[in-house]
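This report considers how the parts of one protein chain are arranged and how they meet. Please look at the sequence and the structure before reading on.

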Amino acid sequence: MKAVRVNEFGGPEVLSVEDIEAPTAAEGEALIKIEAAGINFIDTYQRSGLYQIPLPSTLGLEAAGTVEAVGPGVNRFKVGDRVAYTNVAGAYADYAAVPEDKLVSLPEGVSFAQGAAAMLQGCTAHYLCQSTYKVKAGDRCLVHAAAGGVGLLLIQMIKMLGGTVIGTCSTEAKAELARQAGADEVILYSEQDFEAEVKRITAGEGVNVAYDSVGKATFEKSIDCLSRFGYMVLYGNASGPVTEFNPATLGPKGSLFLTRPTLFDYLASREDLDWRSGDLFNWIAEGKLNLRLEHFFPLAEARAAHEALEGRKTTGKVILTP
Ligand code: NDP
């Protein structure tokens with residue numbers, strides 16, 4: 001089968017399309033014929049070595065497809081079932097062997113591309129506003145990279161909870177997408193001082209929560225956007241990792257909270273996986289959650305897909321099709 005492999009850490013050029021032996025379903029696993037794999041920013045960290053993975057590896061952490069075979073002990077799924085999953089390595093490929101406890105059924109009315117688009121970024125947006133900081137009606141929320149994959153979903157989910165969204169992004173075209181998703185205000189952080197703008201928009205009050213996936217370039221100012229007892233949720237490093245921080249500064253700035261969450265913890269139990277993916281698929285089927293699916297790349301063009309994502313050329317989801 002074809003797979004996109006990383007043999008050494010580096011830029012998009014290290015992605016190599018190779019013929020490797022297809023996996024087989026071991027005990028408790030199902031063999032999935034992948035129809036759509038999701039590309040996520042975390043894939044670029046794993047490719048560059050910012051997040052270390054064993055080498056060589058097949059990249060990719062989410063996909064949707066059809067069950068082709070099941071190993072011993074699998075009873076929840078059968079051959080022919082339409083399924084989706086995340087948090088299992090090796091999705092940039094024609095086939096993947098996936099533990100049954102990571103798989104969810106794709107309901108009628110949810111396509112493979114939608115399934116692949118929903119799992120990692122959708123479950124992330126879900127845990128951020130439902131669990132890490134549970135948004136309440138009237139909360140003011142700052143969402144960075146608002147037109148990105150997680151960003152557009154997070155805006156819509158915060159609006160469902162009755163929150164107000166101040167989004168940030170780098171271009172006017174992206175700002176329009178964030179507004180269409182429901183953002184109440186959008187700041188072009190490439191041109192404006194977003195901290196000053198947040199203070200102006202909130203009449204000096206600040207926001208209850210800052211969802212920051214940009215990291216190094218925005219971290220300090222995001223903290224300064226918070227109101228008393230505000231939550232700083234640092235969940236990504238698109239501009240580079242935050243490496244230095246003095247927790248004592250959280251006190252005088254309003255007894256603030258700081259957390260650095262990861263999806264893996266918030267999807268660790270079957271209950272959480274079923275809850276989050278179930279909400280997502282229901283909202284998609286009911287038309288309450290709009291997935292922006294515009295960027296499709298064939299497997300062989302994974303390098304171009306990474307270049308587009310890291311070059312800030314994409315909005316919403318990027319899908320790889322075997
Ligand atoms: P996005 O589609 O949001 O793409 C990243 C966006 O970040 C870009 O489009 C760009 O938007 C913005 N950005 C800001 N600075 C830079 C920079 N220097 N280089 C590149 N992009 C930059 O990606 P995803 O939706 O896949 O992921 C969003 C973030 O969420 C990532 O940081 C990812 O690591 C994180 N994440 C964290 C998870 C967790 O559990 N902790 C799980 C899933 C994602 P603009 O041009 O508007 O600035």
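## Interface between the domains

In this predicted model, domain 1 and domain 2 bury about 800 Å² between them, and 57% of that area lies on carbon and sulfur atoms. The size of an interface is often given as the accessible area lost when the parts come together. By class, the side of domain 1 that touches domain 2 consists of four nonpolar, three polar and two charged residues.

## Layout of the chain

The domain assignment divides the chain into domain 1, formed by residues 2-106 and 292-321, and domain 2, formed by residues 122-262. The contact between them takes nine residues from domain 1 and 13 residues from domain 2. Taken over C-alpha atoms, the centres of domain 1 and domain 2 are separated by 29 Å.

## Cysteines

How many disulfides does the structure hold? The structure holds zero disulfides. For C129, the closest cysteine sulfur is in C141, at 8.3 Å, which is too far for a bond, because a disulfide requires cysteine sulfur atoms within 2.5 Å. C141 is likewise in no disulfide, and the nearest cysteine sulfur to it is that of C129.

Are C129 and C141 buried or exposed? C129 is buried, with a relative accessible area of 0%. C141 also counts as buried, at 0% relative accessibility, because the limit for a buried residue is under 20%.

Definitions and conventions: Residues numbered from 1 in each chain as written. Predicted model: local features only at pLDDT ≥ 70, side-chain atom pairs only at ≥ 80, totals over all residues. Heavy atoms only, no water. Domains from an automatic or database assignment. Contact = heavy atoms within 4.5 Å. Buried area = accessible area lost by both parts, 1.4 Å probe. Nonpolar A, V, L, I, M, F, W, Y, C, P; charged D, E, K, R; others polar. Buried < 20%, exposed > 50% of the residue type's maximum accessible area, 1.4 Å probe, protein only.
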